[in-house]
Amino acid sequence: MSNQVHAHNPAKKLAGVAYIPRWLGGTCCYIVFGLGGLLSSLTVLPVLRFWPGSYPQKIARVQRYVSWMFRQFVKMLTFSGVINVTAPSPNPLSKIQNTVVIANHPTLVDVVVLISLMPNVGCVVKQTLWRNPFMRGVLSCAGYIPNRGAHLLLDDCAQVLERKTNLIIFPEGTRTQPNSIINPFARGAANIAVRTATNIVPVVLRTDVAGLTKQQPWYEIPRQTINMSVEVGEAIDYQTYRQIDASDTKLVRQLTRKLEQFYIAQLKHPVPQ
């Protein structure tokens, strides 16, 4: 790994009355985030989207604004003690273009953390979020991709990458299961990279305690601050993995296995519960 950063010692677990300010602060962060998304959809985002310029320029403007908005949300979560993010400086994710960025998926806010570090990025979003009135406008204006049929999804991703925009994908598909290092990787990320001839940048999200997991509702605010380090790996050049003499299907399978082994080697142990 390059640009490695490491989380701090695990924070003290809050209990009783000491937990109340943490719960109130964390809950308020989510409420402000949801209302901010709704208000932005009705005010700022339409202006950015319909201001003169080409379609890629309009999308780029919105994505920069969304990245800024997510940075403010991460700062609120940090202030309330929910999470403490350590990212590399200078930030290599702010400079890349036309790249598939993959990451493991330990918490609810992983995509928010990554987008906050990337002013030029799209992502694949599950259909349920497209029906969320607080987020639907943001997702649409930012040119994010609904997770629909495989063929349509590949076409959508190819269009995003052609605009020099990056694409975030979580190969695990959902947040990491308890007592697991990672979930088994799906082939979607490798398939998109292979079929669009795109480089891959692996990002390791390393956390010191479990929290904001799939098994917990959003309002179950962690009793321990989650220290998260964002570690950016070396880019996997398309030309490198394309040299393998194999069909696209076999290449996708091999690349998926290679990426899965990389993350297992980097993380080594499940996050303590």
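**Sheet order and helix packing in a predicted model**

G137 counts as partly exposed because its relative accessibility is 21% (buried is under 20% relative accessible area, exposed over 50%, partly exposed in between, with a 1.4 Å probe and protein chains only). The model is predicted: local features need pLDDT of at least 70, side-chain atom pairs count only at pLDDT 80 or more, and totals for chains, interfaces and linings use all residues. Residues are numbered from 1 along each chain as its sequence is written, and side-chain values use heavy atoms, with hydrogens and water left out.

G137 lies in helix α6. Helices (H or I, at least four residues) and strands (E, at least two) are DSSP runs, numbered from the N terminus. Beyond its neighbours within four places in sequence, G137 is in contact with S41 and L45 (contact means heavy atoms within 4.5 Å). Y55 is 82 residues from G137 in sequence, and the C-alpha atoms of the two are 17 Å apart.

S41 is also among the buried residues of helix α1. Helix α1 spans residues 19–42, 24 residues in total. From first C-alpha to last, α1 reaches 35 Å, close to the 34 Å expected at 1.5 Å a residue (the expected span is 1.5 Å times one less than the number of residues). Other buried residues of α1 include Y19, R22, Y30 and F33. The buried residues of α1 pack against α2 (44–50), α3 and α6 (136–141).

Helix α3 (residues 55–79) lies across β1 and β3 (121–125). Helix α3 runs at about 125° to β1. Axes are lines fitted to C-alpha atoms, for helices over the stretch in contact, and angles run from 0 to 180 degrees between N-to-C directions.

The strands form an open sheet of 7, in the order β1-β7-β6-β2-β5-β3-β4, with mixed pairing (two strands pair if DSSP finds at least two bridges between them). Strands β1 (83–86) and β4 (145–146) stand at the edges, each with a single partner strand, so one side of each is left without a neighbour in the sheet.

Strand β6 (residues 199–207) pairs with β2 (residues 99–103) in the parallel sense over 5 bridges. Here I102 stands opposite P202, and A103 stands opposite V203. Strand β6 is also joined by 5 bridges to β7 (residues 226–232), and these two run antiparallel. In that pairing T207 stands opposite M228. Of the 9 residues of β6, 8 are buried, so β6 is largely enclosed by the rest of the structure.
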